[in-house]
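Thanks for coming, everyone. I'll keep this brief. Let me bring up the model.

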Amino acid sequence: MRVEPTRLAIIGLGILLTALVTAATGPIAFVALAAPQVARRLGAGAGIPLVPSALTGAFLLLGADLLAQYVPAQPVPVGVVTVVLGGVYLLGVLVREARRA
């Protein structure tokens with residue numbers, strides 16, 4: 001089996017699926033940035049594990065969706081909630097990294 005055409009097909013499929021998900025849900029970049037980092041901090045491994053990252057991302061998005069639907073008096077877009085949570089999270093990471101340096 002030739003590896004290069006298979007690799008290109010898998011990469012193309014990954015790009016297509018990512019584009020479809022982004023088109024359906026909107027830009028929820030916080031989940032993509034935060035989920036692997038949160039999973040790495042929760043786990044004991046050296047690298048960034050794939051399955052825990054995916055599960056963490058799913059739970060983060062589910063929590064943001066529930067928060068967006070039920071906490072305010074009027075529902076807000078889940079993208080707004082993830083941007084706010086993502087901003088706070090990334091600010092915390094930057095502060096923590098600055099203190100280490």
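Start with helix α4, residues 78-100. It has 23 residues and reaches 33 Å from its first C-alpha to its last, close to the 33 Å expected at 1.5 Å a residue. Keep in mind that this is a predicted model. The buried residues of α4 are Val78, Val81, Thr82, Gly86, Tyr89 and Val93.

Now helix α3, residues 50-70. Same check on length. At 1.5 Å a residue, its 21 residues should span 30 Å, and the end C-alpha atoms are 30 Å apart, which agrees.

Which residues of α3 are buried? Ser53, Thr56, Gly57, Ala64 and Ala68. Look down the axis of α3: these buried residues fall within an arc of 100°, so they line one face of the helix. Turn to the face pointing away from that buried side. There α3 carries the exposed residues Val51, Phe59 and Tyr70.

Let's zoom in on Ser53, in helix α3. Its relative accessible area is 11%. The cut-off for buried is under 20%, so Ser53 counts as buried. What is Ser53 in contact with, leaving aside its neighbours within four places in sequence? The list is Ala35, Pro36, Ala39 and Ile48.

Last stop, Ala9. This residue sits in helix α1, residues 3-25. Ala9 has 49% relative accessibility and counts as partly exposed; exposed would need over 50%. Now pair Ala9 with Val88. They are 79 residues apart along the chain, and their C-alpha atoms are separated by 37 Å.

That's my tour. Over to you.

Technical notes:
Residues are numbered from 1 along each chain as its sequence is written. This is a predicted model: local features need pLDDT of at least 70, side-chain atom pairs count only at pLDDT 80 or more; totals for chains, interfaces and linings use all residues. Side-chain values use heavy atoms; hydrogens and water are left out. Helices (H or I, at least four residues) and strands (E, at least two) are DSSP runs, numbered from the N terminus. The expected span of a helix is 1.5 Å times one less than its number of residues. Buried means under 20% relative accessible area, exposed over 50%, partly exposed in between (1.4 Å probe, protein chains only). The arc is that of the directions from the helix axis to the C-beta atoms. Contact means heavy atoms within 4.5 Å.
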